[in-house]
Amino acid sequence: MNTAQKIAGFTAGLAVVFAAALGTGAVVGPADSPAPVHTRGIHPEELPGEAASPDSAPGGLMVTDSRYTLQLETPQTPTGTAVSLRFRIGDPAGTPLTRYAASHGKQLHLIVVRRDMVGYQHVHPVLDSAGIWSVPLDLTRAGTYRVFADFTPEGGEGVTLGADLHVAGTFDPQPLPAATGTTEIDGYTVTLHGNLVPGQASKVTLSVTKDGRPVTDLQPYLGAYGHLVALRSADLAYLHVHPDGHPGDGVTAAGPTIDFYATAPSVGDYRLFLDFQHAGVVRTAEFTLSAAGSPAEGSLQPEPAVAGHDH
């Protein structure tokens, strides 16, 4: 083989090597390619099958989301009946957020519940000029609580952040209450109708009676005749729940029924907390509801009552 032939053969070999390298690069991608970006609140395990949409994806699983951060001043505290919780929302620049858009009549909704679903509280902290929120909490039971901050930055989209608050003392964890369609609180009976279907907006109706009579004069609370929070029991994911209608629209009745639409991102058990106001008092009715793969599996019939609590 002469010199020219050797050079030609060497050049052809290089062409094959570069072609193979290019093909591999097309499959694997550059070494410094950015990681895939997931829509806010959607996690990889929820993507197969009927993945939850961004509007129905759960929040509260992360302390930082959409470049905002929930910062508790003290993540540990002793027990007490009026323990002061102080926190701030850090903006994308790391400074305290001070400008919020009102949602359901409030700048920020704070949901606090122990990780076994005991001690639920829905409160509205006070914001000072430095961007620090503060509110007293009933933390008479020791354990680890999940703190959810549900807010909308001025000019932005709604965000729900979550952080753990550790309350010192002996922890006596409670099992998740069994699924039931009826609960009683302070002389009121609340009945739940409907089911949760993973990946779909599901209608849930709650009906309020007192002493066996339908309550038809519910009072508005947070812009509706009821406010519903739903949490996934496995990880306390915070679901977006939307009321159907609002007081004064000429259509929505003041009871006895209150309609909501909720999207469960996965099969599993969920804990529902309904706040409703009547005779000037806000009370909370609590339910366990399972999301199954079809409406028939998720249907719930009323069962013996369990207790709720009042504020």
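The dialogue below treats the salt bridges of this predicted model.

Colleague: Which residue forms a salt bridge with Glu 73?

Modeller: Glu 73 pairs with Arg 86, and their closest N and O atoms are 3.0 Å apart. Glu 73 sits in the loop between strand S2 and strand S3, whereas Arg 86 belongs to strand S4, 13 residues apart. Arg 86 is partly exposed, its relative accessible area being 31%.

Colleague: Where do Asp 164 and Arg 146 lie?

Modeller: Asp 164 is in strand S11 and Arg 146 is in strand S10, 18 residues apart. The two form a salt bridge, with 3.0 Å between the closest N and O atoms.

Colleague: Is Arg 146 buried or exposed?

Modeller: Buried means under 20% relative accessible area; Arg 146 has 8%, so this residue counts as buried. Asp 164, at 24%, counts as partly exposed. Arg 146 and Asp 164 also belong to one network with Arg 115, joined by salt bridges that share partners.

Colleague: How many residues apart in sequence are the parts that Asp 186 and Arg 283 tie together?

Modeller: Those parts are 97 residues apart, because Asp 186 lies in the loop between strand S12 and strand S13 and Arg 283 lies in strand S21. Their side chains meet in a salt bridge of 2.8 Å, N to O. Asp 186 is partly exposed at 42% relative accessible area, while Arg 283 is buried at 7%.

Key
Residues numbered from 1 in each chain as written. Predicted model: local features only at pLDDT ≥ 70, side-chain atom pairs only at ≥ 80, totals over all residues. Heavy atoms only, no water. Salt bridge = Lys/Arg side-chain N within 4 Å of Asp/Glu carboxyl O. Helix = DSSP H or I, 4+ residues; strand = E, 2+ residues; numbered from the N terminus. Buried < 20%, exposed > 50% of the residue type's maximum accessible area, 1.4 Å probe, protein only.
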